[in-house]
Amino acid sequence: MTTTKGHEVPVRELDRVTIRFAGDSGDGMQLTGTQFTRTAAVFGNDISTLPDYPAEIRAPAGSLPGVSGFQISFSSTDIHTPGDAPDVLVAMNPAALRTNVKDLVPGGALIVNSDAFTPPNLAKAGYAASPLADGSLKAYSVFAIPISTLNARALEGLDMTSKQVDLTKNFFALGVMFWLFERSMDPTLRWIEEKFGGRPVVAEANRRALQAGYAFGETTEIFHARYIVPAAHLAPGTYRNVTGNEATALGCVAAATLADRPLVYATYPITPASDILHQLSGYKSYGIKTFQAEDEIAAIGAALGASYGGALGLTGTSGPGMALKAEMLGLAVMVELPLVVVNVQRAGPSTGMPTKTEQSDLLQALYGRNGESPVAIVAPASPAECFDMAVEAWRIALKHMTPVVYLSDAFLANGTEPWRVPDLADLPDLRFAGPGDGATFYPYQRDGTTLARPWVVPGTPGREHRIGGLEKLDVLGTVSYDPDNHHRMSLLRAEKVARIADDIAPLEVFGPPDGELLILGWGSTYGAIRSAVERLQARGASVAHAHLRHLNPFPANTGDVLRSYRTVLVPEINLGQLRTVIRSEFLVDAVGFNLVRGKPFQISEIQMKAEQLLGDQ
Amino acid sequence: MTDTTMAAEPIKLTRKDFASDQEPRWCPGCGDYSILAQTQKVMPDFGVPKENIVFVSGIGCSGRFPYYMNTYGFHSIHGRAPTLATGLKIARPDLMVWVVTGDGDALSIGGNHILHAMRKNVDIRVVMFNNRIYGLTKGQASPTSEFGQKTKSTPVGSVDYPVHPLMIALAAEASFVARTVDTQVDHIQKVMERAGFHRGSAFVEVLQNCLIFNDGAHRAFTDREVREDRMLVLEHGKPMLFGKNRDMGLRLNGLRPEVVRIGEDGITEADILVHDEASEDPTIHNMLARIYWPEFPVPIGVIRNVPRPTLDELIEGQIRDAVGRRGKGDIQQLLGGGDTWTVE
């Protein structure tokens, strides 16, 4: 559809556009991307984002390792991923161009800050000659804009150094993009006012930069069209844009309200989990208590201590921290207290790639402790779903008196999507465990259905008792070295976690209930798998998608689902961890698809793998 | 400890109320029996209902302590008791929380936690049994074992220099630092009582004898015949005098401590240092934590006791302030906060 809008250029309507902002890590690309995202979200598009930034806070300016990117896909239809390949690339310097241009779709729009293409910057990016001049970019529509110069001109007269002026050029680029995609500047102007209201010169500079970019789009003749992506048809309700970390934090806050107990978050700073602490530490007026511990061990210790006192003891970390928490998690298994451990997975082993995503801590969560040490494991599938799964983690922990490991990852944690704000009244009641009313009290007397032990907290008169890491005598809870008792208690702890399967939703199948191929996923691969399956189904392939949110125990029908397809494909951002468990648990000869590159799967990759399997049959 | 831990009505508990039904399983003659008995004896003095008292321990012989106290108790894992106690205290400022630990538990595997629980002034009383050996693992060198000491793990002598536990407590800014001895029944009671009434991070070193693996580790200055001459019993506001005839004392010679005798070389009581446990300046406290037999008498008693807001008070205070400024937060509004849009 083409109509003429404004005085010059036609406006084209698109279903979906994917933009990547790339620049130096000091260029404010994350902020630029976030502002565009907010604007698209408030407009009503479905969105999905992928920030991609280096671990170094400020790598050498202009260098290849210092490139920071932010990809947003926004759409008028339901989307599940931030897009395989950008349609538009905004590159603020040669290094950003070099590291990102290979992903741009052929014919895609390339907007570059031509001022940054100086000989030193070109050399740092490894270009012998300027790619703007040598014809190497002719597969794309290149828009070379002297952003730094134009921006500096717009800010003339402000009491700022040239360096300060240059820091605002990202907002000039943002202004150009707002014009190109017909977006209102209002949400960002409001944000500038809120953020810099106290510093009028900074606020004015950012305002001018944004408006100058927009005006440039309007007056320049280099663009031949503008694009509009209409609002998506989302389910009715109030929406906001959330990252996975935000949704995780909010889910835990909601769980505490639903449980009518205080939330204590004890943690140690670690990428990519730290934002959960930043967020929760700002919720003091909501009664949320946060504790920045001296190390990962102290963090989970304090969380368990808080749970022992009757609060929702929460800790959060990433892989290396998870390794340190293992012993205390074992204690939590032994004392059978509710506890949620958030692991925002990142590429490992060891320090690995701290800012990059991976799904390689599943076996650690399942088996990474001494002794027979079962814990429940849940995993959200998308940023917005982090809220639901955080509530679910607490529901399981509180009802079944068990530690729960919640496996998020860097992609979920930093990616965003629209989240329909729930009504607390529609969420489950989490007021379970209490001191019990029986005349007799034994610390390890179990609930007949769940096998949960009573949660009797200090301060309860007449029920003083001792717990700890030594084996407990069944029912009485005193220390016991009896061989048969240890065997019985080991079975009871396993059975208690296994029975959670009776209390969780069955595994749902998207697509035919049986057939050629089932793609089984868990965690953040959801979007790519679902999109690939939609494409394959649209072409008539016998393909279904099932996504596990509960990794221990599995939903009761999991085995039946897996056995209903000729082939089961398990794509994972690890070397086959869920596949290993599936094979041993269900004797299903699942096929793996495993890429560990620190980044999410692309839809096309999963689609190709599925087509290959379908073709083989 | 906040006021809410106090019983509304004065309660009259006795030592027996604090003894659990579990038979202690330490070696016969272990110093831990004495510490347990004296702790049970002073507990009623605090006027805190026993359900509001929690003993948390780590691993080692000291770790068994909570099983023998008829209060709430948590026998945790090696070195980590302060972390659980900290979380518990954050969640439940109303509870009186004790940590029972040993020299290996507190100063080796749990060293980091002791450091931070103290500096954060967590309202917990850490009682560290110092027998200068690993007992439960059957006799390896601990961080307080003497240099050159022969143990199972150091058959030709330890090559490690020992730490000074109270200096660590002071360096970590513990707001209450004390030392006592397992064999001095009255003194343990006094120190435990002071620690119990203190609000904030209290660190109490109890010199404790391990009959099996390090017998007599403290005997050189704790034996009945010599202790008055070889230990300095500190009392706030009193001169640092010691000796059977209380004629020996500690004074400063320039920047160095020095043992002097009253009446010799014109020394009078006026020359002797006067103990000020409440001094903000820790210089003298550091000196008292450092001096040791045989160069000096071993100081026992409360070395430092200064008031400071506790971690739980500060956390609660920030919440109160935030609620005062913005009102009590509404969770439903929080969920729906930020930039939102509505789909009809």
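This is a predicted model: local features need pLDDT of at least 70, side-chain atom pairs count only at pLDDT 80 or more; totals for chains, interfaces and linings use all residues.
Helices (H or I, at least four residues) and strands (E, at least two) are DSSP runs, numbered from the N terminus.

Residues are numbered from 1 along each chain as its sequence is written, chains are lettered from A and ligands numbered from 1 in the order in which they are written, and side-chain values use heavy atoms, leaving out hydrogens and water.

**Chain A as a whole**

Chain A holds 20 helices and 24 strands. Its radius of gyration, taken over C-alpha atoms, is 26 Å, close to the 25 Å of the globule rule (2.2 Å times the number of residues to the power 0.38) for 617 residues, so chain A is as compact as a globular protein of that length. The C-alpha trace of chain A spans about 85 × 65 × 45 Å along its principal axes. Of the 617 residues in chain A, 63% are buried; here buried means under 20% relative accessible area, exposed over 50%, and partly exposed in between (1.4 Å probe, protein chains only).

Three strands make an open, antiparallel sheet in the order 17(A)-10(A)-12(B); two strands pair if DSSP finds at least two bridges between them. Strand 17 (416-420) of chain A and strand 12 (340-343) of chain B are at the edges with a single partner strand each, so one side of each has no neighbour in the sheet. From one strand to the next the twist averages 35 degrees; axes are lines fitted to C-alpha atoms, for helices over the stretch in contact, and angles run from 0 to 180 degrees between N-to-C directions.

Strand 10 (residues 237-243) of chain A is joined to strand 12 of chain B by four bridges, and A:Arg240 stands opposite B:Thr340. Helix 9 (residues 244-259) of chain A packs on this sheet, touching strand 10 and strand 17 of chain A, where contact means heavy atoms within 4.5 Å.

Strand 7 (residues 109-113) and strand 8 of chain A pair in the parallel sense over five bridges, with A:Val112 and A:Ala144 as bridge partners.

In the loop between strand 3 and helix 1 of chain A sits A:Ser25, which counts as buried at 16% relative accessibility. Among the residues A:Ser25 touches are A:Pro54, A:Arg58 and A:Ser68.

**Backbone details worth a look**

| Site | Feature | Value |
|---|---|---|
| A:Asn552 to A:Pro553 | cis peptide bond | omega about -10 degrees |
| B:Trp293 to B:Pro294 | cis peptide bond | omega near 10 degrees |
| A:Val475 | positive phi, not a glycine | phi about 70 degrees |
| B:Arg246 | positive phi, not a glycine | phi near 45 degrees |

A:Val475 is partly exposed at 30% relative accessibility, and B:Arg246 is partly exposed at 48%.

Conventions: Lists of a residue's contacts leave out its neighbours within four places in sequence.
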